[in-house]
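Subject: Structure handover

Hello,

Here is the structure we spoke about, with its sequence. My notes follow below it.

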Amino acid sequence: MNAFDPTPPNWTNSATHAHHFYCPSCRATCSEAQAVWINRRAPVITETYLRKWQEFYQCQCGQAWWAWSSDRPPSDLYPKEHPE
């Protein structure tokens, strides 16, 4: 499964909008998902002219959910302070 495939997988049809960036059923994080698909074909432009996409996740508990890429919390993998 390619997260950037232009064709959505069938499991995205039943996805629920998660208003917090975790599974609405079991609260597992996106990094625990079994499958991921990003809807890059239909970006939304914000008021500040930034793009955001729908990110779809198939959770280990069986729940499919999606959230906006702009709602993603900061990552521990990306340094908070950049070296000058």
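Which residues make up the largest nonpolar core? It has nine residues: Ala 18, Phe 21, Cys 23, Ala 28, Cys 30, Tyr 57, Cys 59, Trp 65 and Ala 67. A nonpolar core here is a set of buried Ala, Val, Leu, Ile, Met, Phe, Trp, Tyr and Cys residues joined through side-chain atoms within 4.5 Å. Buried means under 20% relative accessible area, exposed means over 50%, and partly exposed is in between, with a 1.4 Å probe and protein chains only. A second, separate core of eight residues includes Ala 35, Trp 37, Phe 56 and Trp 68. In soluble globular proteins, nonpolar side chains tend to be buried together.

Before the rest, a note on how to read the values. This is a predicted model, in which local features need pLDDT of at least 70 and side-chain atom pairs count only at pLDDT 80 or more, while totals for chains, interfaces and linings use all residues. Residues are numbered from 1 along each chain as its sequence is written, and side-chain values use heavy atoms, with hydrogens and water left out.

Overall layout

The chain has zero helices and four strands; helices (H or I, at least four residues) and strands (E, at least two) are DSSP runs, numbered from the N terminus. Of its 84 residues, 33% count as buried. The C-alpha trace spans about 45 × 25 × 25 Å along its principal axes. Among contacts (heavy atoms within 4.5 Å) between residues at least 6 apart in sequence, 59% join residues at least 24 apart.

Aromatic residues

There are six aromatic pairs in the structure. Rings of Phe, Tyr and Trp (its six-membered ring) pair if their centres lie within 6.5 Å; planes under 30 degrees apart count as stacked, over 60 as edge-to-face and the rest as tilted. Phe 21 and Trp 65 form an edge-to-face pair, 5.8 Å centre to centre with 85 degrees between the planes. This pair links distant parts of the chain, 44 residues apart: Phe 21 is in the loop between strand E1 (16-17) and strand E2 (35-45), and Trp 65 is in strand E4. Both Phe 21 and Trp 65 are buried. One aromatic cluster is formed by Trp 37, Phe 56, Trp 66 and Trp 68.

Charged residues

How many salt bridges does the structure hold? It holds one, a salt bridge being a side-chain nitrogen of Lys or Arg within 4 Å of a carboxyl oxygen of Asp or Glu. Arg 72 forms the bridge with Glu 55, the closest N and O atoms being 2.5 Å apart. Arg 72 lies in the segment after E4 and Glu 55 in strand E3, so the pair ties together parts that are 17 residues apart in sequence. Arg 72 is partly exposed, at 39% relative accessible area, whereas Glu 55 is buried at 7%.

Lys 52, in strand E3 (residues 51-58), is buried yet has no salt bridge. The nearest side chain of opposite charge, Asp 71, is 6.0 Å away (Lys and Arg count as positive and Asp and Glu as negative; His and the chain ends are not counted). Lys 52 lies over the face of Trp 68, at 4.6 Å from the ring centre. Such a charge counts as over a ring if NZ of Lys or CZ of Arg is within 6 Å of the ring centre and within 35 degrees of the ring normal. Arg 40 lies over the face of Trp 53, at 4.4 Å from the ring centre.

Regards
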